[in-house]
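Please read them beside the model.

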Amino acid sequence: MPSYTVTVATGSQWFAGTDDYIYLSLVGSAGCSEKHLLDKPFYNDFERGAVDSYDVTVDEELGDIQLVKIEKRKYWLHDDWYLKYITLKTPYGDYIEFPCYRWITGEGEIVLRDGRAKLPRDDQIHILKQHRRKELETRQKQYRWMEWNPGFPLSIDAKSHKDLPRDIQFDSEKGVDFVLNYSKAMENLFINRFMHMFQSSWSDFADFEKIFVKISNTISERVMNHWQEDLMFGYQFLNGCNPVLIQRCTKLPEKLPVTTEMVECSLERQLTLEQEVEQGNIFIVDFKLLDGIDANKTDPCTLQFLAAPICLLYKNLANKIVPIAIQLNQVPGDENPIFLPSDAKYDWLLAKIWVRSSDFHVHQTITHLLRTHLVSEVFGIAMYRQLPAVHPIFKLLVAHVRFTIAINTKAREQLICEYGLFDKANATGGGGHVQMVQRAMEDLTYTSLCFPEAIKARGMESTENIPYYFYRDDGLLVWEAIKTFVADVVGIYYESDQVVVEDQELQDFVKDVYVYGMRGKKASGFPKSIKTREKLSEYLTVVIFTASAQHAAVNFGQLFLGMYPEEHFIEKPVKEAMAQFRKNLDTIVSMIAERNKNKKLPYYYLSPDRIPNSVAI
């Protein structure tokens, strides 16, 4: 009778093992086996991190193995189990890999296909077509779209983390990690004391040092020691946590009536302000998004305020960016003066503080929350709804949406919800942050997520004219490395543009993102369909770059681009493409490390060894 060797790998995360009964069935082209209990005498099977092997003998020839069925039955109490993969050695000496990387909950059953990635057109056998269809039908019932707030991108239909499908919840280890990090952040900020500090006026600028009391790294210390200086203020617009707002000024706006005479002491080239504009030496940051946003009124004892500043900056002869004029609101007039470096020391410093405050609000709510977290959730939900696990694009993207939906759900529970941390600690809390997202959706376009295009749109692409914009330089290197890798993978599975067009699952994924995630807004520029391999490569680069590099640049991460611990792909060409991707990323790491040598303020947020795969890893 034919005999198979079955190897079963259990996950290494907390509580991944199980004491339940595990049954296996093999489905082949010539028949289906009986259920076999996987159990070794006097042995504790399926322990956390274990790799267990079993001999399974069947009554008759099964032909080519098409599916493996795994069934879990209760032993004593319901006991979830995380199955990494199964490998099968056939009677003929062949090895077949069945990736899983999923939880089996309750008395559940999962059906696995072998690890070879397949497009819909590759499945001609009825049972495989049926498996593919049933998987998506099940997922579409589990992953439902929901409007959390009017005007927002749609999100997952779940009120709390525990309502999410088990496979996308934080595993126990990651859940504990999230709680500990959240608690640590609160401890570091001394959040209660921090809020108390704002319930009365500060007596001295030295009070700012209290915020840094538990931050101990060289960059933070340097910022703390130099934050009042114009050079540091300008540098932060290029390489700080929100390096996406500064743009080259091509024409002085009428709403900022600044003249050459006002800023003459700041101009170093003996030119008029208009001439400096023409030569590309003037830059602008406009916080018009904040104009009219309601300030936080949740605490009647604490008056909070918002500004909508316009900040004009200048590239000096040392090619450094410095501020030369600040107007704190959008409409000019006697009540809204233009502040200058020539003003009294603390007048100018306070104007810069207001700008930095506005920058914080836009960074937290738009640059970070909306344009990385919420956008990545859209891609994640659409992926789970429309791409089965056997699809090569699912295999490519799954690592980059890992825990994204979970962390966003936690945020809606604890951070940005009513009476959450935003309401307690931010001037945009109490509804202002919601208004900001609703406004910012008008500027959330597909092109704005394409890194090179976004840089060009702000007139910031010239390395010669703007030499110290490391966010741009490193970001372009990482973008190209990702795009090259993605194009390699696309080329393996799509031999022509026509194959892209005919991949209905791919087209449904892209359509889901546009129709639901982006609310079907034509002005967003998100494609409804994709017709070429080149456009598909760009689209997938946007998904991966947004979740990994862009998030790292505005947040910083722990675990790293190019590392794929879950082996969803088994094909040699893809593994080779991954290896080349890692090699390219290592080259970028070395280039950035060399650039940062001896820099007093090194920039490493986009060094690939510091870029997490997803917004939640």
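1. Two strands count as paired if DSSP finds at least two bridges between them. Strands (E, at least two residues) and helices (H or I, at least four) are DSSP runs, numbered from the N terminus. On that basis, β1 (residues 3–10) and β7 (residues 81–89) pair in the antiparallel sense over six bridges. Val8 stands opposite Ile86 in β7.

2. This is a predicted model: local features need pLDDT of at least 70, side-chain atom pairs count only at pLDDT 80 or more, and totals for chains, interfaces and linings use all residues. Residues are numbered from 1 along each chain as its sequence is written, and side-chain values use heavy atoms, with hydrogens and water left out.

3. Which strands stand at the edges of the sheet? The open sheet has four strands in the order β5-β1-β7-β8, with antiparallel pairing. β5 (51–57) and β8 are at the edges, each with a single partner strand, so one side of each has no neighbour in the sheet.

4. Now the second largest pocket. A pocket is an open set of points on a 1 Å grid over the protein atoms alone, where a 1.4 Å probe fits, with protein on both sides within 12 Å along at least five of seven lines; lining residues have an atom within 4 Å of a point. The lining has 49 residues. Arg102, Ile110, Glu135, Arg139 and Asp167 lie nearest the centre of the pocket.

5. α1 gives the most to this lining, with eight residues. Other elements that each supply at least two residues include β8 (95–104) and α10 (404–414).
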